Amino acid sequence: MPTQNSAMWGQKNNRKLITGIFGFCLGLFGILCGMFWVDLIDWIMKKEMVLAPDTRVYDNWKSPPLDLNLDIYLYNWTNPEDYGNFSTKPIMQQVGPYRFTERPNKVDIAWHPENASVTYRRLSFFYFDAEGSNGSLDDEIITLNAVALSAAATAKHWPPVKRTMVDVGLRMYGAEMSVQKTVDELLFTGYSDAMIDVAMAMPIFGDDVKVPFDKFGWFYTRNGSADLTGVFNVFTGDDHLAKLGQMSSWNYVNHTGFFSSYCGMTNGSAGEFQPQHLRPGDSVGLFTPDMCRTIPLDYVETVDIEGLEGLKFSGGPRSVDNGTQYPENLCYCGGECVPSGVMNISSCRFGSPVFMSYPHFFNGDQYYVDQVEGMDPRQEDHEFYMVVEPSTGIPLEVAARFQVNMLVEPIEGIGLYSDIPKIFFPLIWFEQKVRITPEMADQLKVLPIVLMSGQIFAGICLAAGLILLCWAPAMHLMSWCRGHRYELKTQGKGNGQFQSRSQFSSAEELKAKASAVEKSAKGSPDSSPLLEKGRKPVIIKSQTGESVATASTAISDNRQD
């Protein structure tokens, strides 16, 4: 029997030991899972999101699966004959949109594993969408004569003799302050101009005059050409995923040279990706080759896009300031520091006095709005913003909106531009808005679910491990407590709880007492309680378990003598 009890006790101890070891391992696994689950997901993301020919994001990056809509609005100048009258403002009438479907692609792709980057060019084809447009490409628009203004502005700082030659050329070819062209000519097809033809045929001004195109159009040579926006070099994220899609260089340099100091650095995103793990209060940058600079976008709010939480970054006053409100933007002045609200990109546009802003001078100084009639800045229609999924840095919704303005001011020695007011003339604005599809959103929704599920699983493992680890000690403690209480109870009973019923320590003493009682009964039968009617002997057990008769008890009154 002791051998069997010992074996059973050993088996119980082995089970407790195994349970404790399993609980310890399970709890340790839960701790490690909780600590490194995010790192594991980041590792998986790196394998899937790094730019490489064999990764998941490559095809979407090279040729976006969505057709992009480019909506273009033009300003029709309704009172050009009044220009020069300081009491009358130019009246601008917005027309459009003229919608074009863009199908972008990336070409001339070259990989550079030594610095984890890739070089490419952008190639896009644009197709007019008549159904989505409010107008025809044959619509006639009266607008500012951008060619004549560019020629005059280029000669602004020339010696008087050379400036006079420009003035003679403008007079000879009958240049006027305004021109009337079709929408098609103003946009992609372009139109010829005598001043362009002369400048290209007779380069008498040498390097002072650069004529990049044989026609003028706001999007001339952009359709089907990969040369206009330059050569991009971005990081692939292979060495560090946080650098994915960030600019390394543009046209083979990391400083554009169009702005001084850090304002000319080619930093920020190329547009397709933003940094991962963004938080409210952060800022992102977007490099725009048409302006040769990076546009900062600041966090404004958290929004919901197709069931996904996204951080909204907007082009606020800081993005269009020239140092008047934000001193760090002083290097964006470009030699012409003007009130906040427009960006001077003249150096980037071959010396033409081009200033970019948001549509209707949104987020700009009231000075610009008051210069012309027809401006009505509204946030819902004219804000530049980007909504980014914070974990992956993938844009969920983008509304890219810019307006092209040209500075018209008096130029000494140029008759066409003498005795005129200084005005920032709005000419055209465009927007490209894209939103993630529900199908693509469903794929992104898996990531936060996986992250949360991993944390919950780690917590369950840790809790279960702690319970199993503490189970054996707890059971042992409970068993010890029960045994201790039983010992205390048994000891209390032995110290007097039943002393009134058992006064003897052994069977021999009980027997001796019983013999004495019997002798006493024989000697005095009448006085003995044992002879009373209706009583019977009482059996008392000693501590050894032997039974002896010590007394008598009453019997039933119904018993017959």
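The model is predicted. The protein chain contains 10 helices and 17 strands, and 42% of its 561 residues are buried.

**Overall make-up**

- Among contacts in the protein chain between residues at least 6 apart in sequence, 63% link residues at least 24 apart.
- The protein chain exposes about 30,000 Å², and 56% of that area comes from carbon and sulfur atoms.

**Aromatic pairs**

- The count of aromatic pairs comes to 26.
- One of these pairs joins Phe259 and Tyr332 in an edge-to-face arrangement, with 5.5 Å from centre to centre and 70 degrees between the planes.
- Phe259 belongs to the loop between strand E7 (247-250) and strand E8 (283-288), while Tyr332 belongs to the loop between strand E10 (308-314) and strand E11 (343-344), so the pair ties together parts that are 73 residues apart in sequence.
- Phe259 counts as buried because its relative accessibility of 3% falls under the 20% cut-off.
- Tyr332 is likewise buried, at 10% relative accessibility.
- The rings of Phe361 and Tyr368 also have their centres 5.5 Å apart, but their planes lie at 20 degrees, so this pair is stacked.
- Phe361 is buried with a relative accessible area of 1%, and Tyr368 is buried with a value of 0%.

**Aromatic cluster**

- Phe100, Phe126, Phe128, Phe188, Phe219 and Phe430 together form one aromatic cluster.

**Charges over rings**

- Arg122 places its charged end over the ring of Phe232, at 4.3 Å from the ring centre.
- Lys243 lies over the face of Phe235, at 4.2 Å from the centre of that ring.

- Thr143 is located in strand E4, which spans residues 140-144.
- With a relative accessible area of 9%, Thr143 is buried, because buried residues are those under 20%.
- Leaving aside residues up to four places away in sequence, Thr143 touches Tyr75, Trp77, Met177, Ser178, Val179, Leu186 and Leu427.

Key:
Residues are numbered from 1 along each chain as its sequence is written. This is a predicted model: local features need pLDDT of at least 70, side-chain atom pairs count only at pLDDT 80 or more; totals for chains, interfaces and linings use all residues. Side-chain values use heavy atoms; hydrogens and water are left out. Helices (H or I, at least four residues) and strands (E, at least two) are DSSP runs, numbered from the N terminus. Buried means under 20% relative accessible area, exposed over 50%, partly exposed in between (1.4 Å probe, protein chains only). Contact means heavy atoms within 4.5 Å. Rings of Phe, Tyr and Trp (its six-membered ring) pair if their centres lie within 6.5 Å; planes under 30 degrees apart count as stacked, over 60 as edge-to-face and the rest as tilted. A charge sits over a ring if NZ of Lys or CZ of Arg is within 6 Å of the ring centre and within 35 degrees of the ring normal. Accessible areas come from the Shrake-Rupley method with a 1.4 Å probe; for residues, only the protein chains shown count as cover.
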